[in-house]
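Hello,

Here is the structure I promised to pass on. My notes follow below it.

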Amino acid sequence: MKIVIIGTGAIGCLFGAVFKKGGLDVALLGRSAEEVGAINERGVIVERGGAEETTAIPAFLDASAAGRDGLVIIAVKAYDTASTIPQIRRMLSPDGAVLTLQNGLGNAETLAGDLGVERLLCGTTAHGSSVVGPGRIIHAGQGETLLGEMRGERSRRAEKIAALFSSAGLDARAVDNAPGYAWLKLIINAAINPFTAIHNLRNGALPGVPNICEEMAEVVAEAEAVARAAGVKIPCDDAMAKVRKVCAATGDNVSSMLQDVRAGRRTEIDYINGAIVRLGEKFGIPTPRNAALAAQVRALRSGRSDQAQ
Ligand code: KPL
């Protein structure tokens, strides 16, 4: 199966490198000429545990040049999701599938609204990865990748894709209730990312900050109440324990939101805590902690570049 990954950021480069090294037919589609040029010139560079590994992967700026693909993986920021639709249309083979591996709420819905729900798979990944330059990343945390149909069932198609990913060395599994897992990832991002951005700390340093675990638990409880009201079944009995585990497993990682703040880029706050607040308003569920964090992150000065402790 031919795979194209839209997005040459932390997750796009990581998955591209793992797949290519594992023998899969994969290409990257980017929107920055600098990134695509660097990848075509000298490959994707992954730094891990002090060592560097370079993998040659074809990269394209133009979707028409990438050819027809059986699987298109979306690894762009949530606010760029809609802009990938014309590109997907140019690349997807008639029976092809689209897998979103993005953070935030509403990505699968945006894609399915145009491409059809039957095309859509939702996935989550717990890998911690940071961009350090064009086509150059640091892989700072291992984790599972879960995927399934947007409609909720664990299909043969999802199992085939998970098996393909596993054959390339990625820890991947097909699941029932993929939208529930996407919500669990949303809760994890809501409880970790804004705090890393506000305190300028790596994930692993968060639990050591006084009172922060109580605040994180409030974020989690509000989000769970909103999910219940929306009829979403979260596949986890203790989401706060999961948040602590992810902090530990990705301890050295600079979260995607802190990376964005440091680089002066727009953050995904409106698709994470902001989305929980909007949905809470719809269902009459109070979400004061999520609202306060969203306001604080929006107010952060851009261009922060100092090192996280
Ligand atoms: O998904 C992440 C992110 O940074 O967006 C976590 C899991 C928090 C890893 O940093």
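Asparagine 200 sits in the loop between helix 6 and helix 7. Its phi is positive, about 55 degrees, although asparagine 200 is not a glycine. Please bear in mind that this is a predicted model. Most residues other than glycine have a negative phi. Asparagine 200 is buried, because its relative accessible area is 7% and the cut-off for buried is under 20%.

Asparagine 177 has a positive phi of about 60 degrees, and it is not a glycine either. You will find asparagine 177 in the loop between strand 12 and helix 6. Asparagine 177 is partly exposed, with a relative accessible area of 25%.

A glycine also comes up here. Glycine 284 follows helix 10. The phi of glycine 284 is positive, near 70 degrees.

Domains

The protein is divided into domain 1 (2–176) and domain 2 (180–299). The domain centres, taken over C-alpha atoms, are separated by 23 Å. Where the domains meet, 19 residues of domain 1 are in contact with 22 residues of domain 2.

The pocket between them

Where does the second largest pocket lie? It lies between domain 1 and domain 2, because both domains give residues to its lining. Its volume is about 420 Å³. The lining has 24 residues. Gly104, Leu105, Gly106, Asn107 and Glu109 are the ones that lie nearest the centre of the pocket. Helix 6 provides the largest share, six residues. Sorted by class, the lining of the second largest pocket has 12 nonpolar, nine polar and three charged residues.

Eight of them form an open sheet, in the order 5-2-1-6-7-8-11-12. The pairing in this sheet is mixed. Strand 5 (59–60) and strand 12 (172–174) are the edge strands, and each pairs on one side only. Strands of a sheet pair through backbone hydrogen bonds, either parallel or antiparallel.

Two pairs show both senses:

- Strand 1 (residues 2–6) and strand 2 (residues 25–29) are parallel, with five bridges. In this pair, lysine 2 stands opposite aspartate 25 of strand 2.
- Strand 8 and strand 11 (residues 145–149) run antiparallel, and five bridges join them. Here glycine 123 stands opposite leucine 147 of strand 11.

Why is strand 2 largely enclosed by the rest of the structure? Four of its five residues are buried, so the rest of the structure largely encloses strand 2.

Valine 72 is buried, with a relative accessible area of 0%. Leaving aside neighbours within four places in sequence, valine 72 is in contact with Val4, Ile6, Ile88, Met91, Leu92, Ala97, Val98 and Leu99. Valine 72 and valine 26 are 46 residues apart in sequence. From C-alpha to C-alpha, valine 72 and valine 26 are 9.8 Å apart.

Which residues of helix 10 are buried? They are Asn273, Gly274, Ala275, Ile276, Val277, Leu279 and Gly280. These buried residues pack against helix 6, helix 7 (212–229) and helix 11 (288–299).

Last, a lysine. Lysine 242 lies in helix 8 (residues 239–249). Lysine 242 is partly exposed, with a relative accessible area of 33%. Which residues does lysine 242 touch, not counting those up to four places away in sequence? They are Ile188 and Cys236. Lysine 242 and isoleucine 188 are 54 residues apart along the chain, and their C-alpha atoms are separated by 7.6 Å.

Best wishes

How values were computed:
Residues numbered from 1 in each chain as written. Predicted model: local features only at pLDDT ≥ 70, side-chain atom pairs only at ≥ 80, totals over all residues. Heavy atoms only, no water. 1 Å grid on protein atoms, 1.4 Å probe; cavity = no way out; pocket = protein on both sides within 12 Å on 5 of 7 lines; lining within 4 Å. Points joined across faces, edges and corners; volume = space filled by probe spheres on them. Helix = DSSP H or I, 4+ residues; strand = E, 2+ residues; numbered from the N terminus. Nonpolar A, V, L, I, M, F, W, Y, C, P; charged D, E, K, R; others polar. Domains from an automatic or database assignment. Buried < 20%, exposed > 50% of the residue type's maximum accessible area, 1.4 Å probe, protein only. Contact = heavy atoms within 4.5 Å. Pairing = 2+ DSSP bridges.
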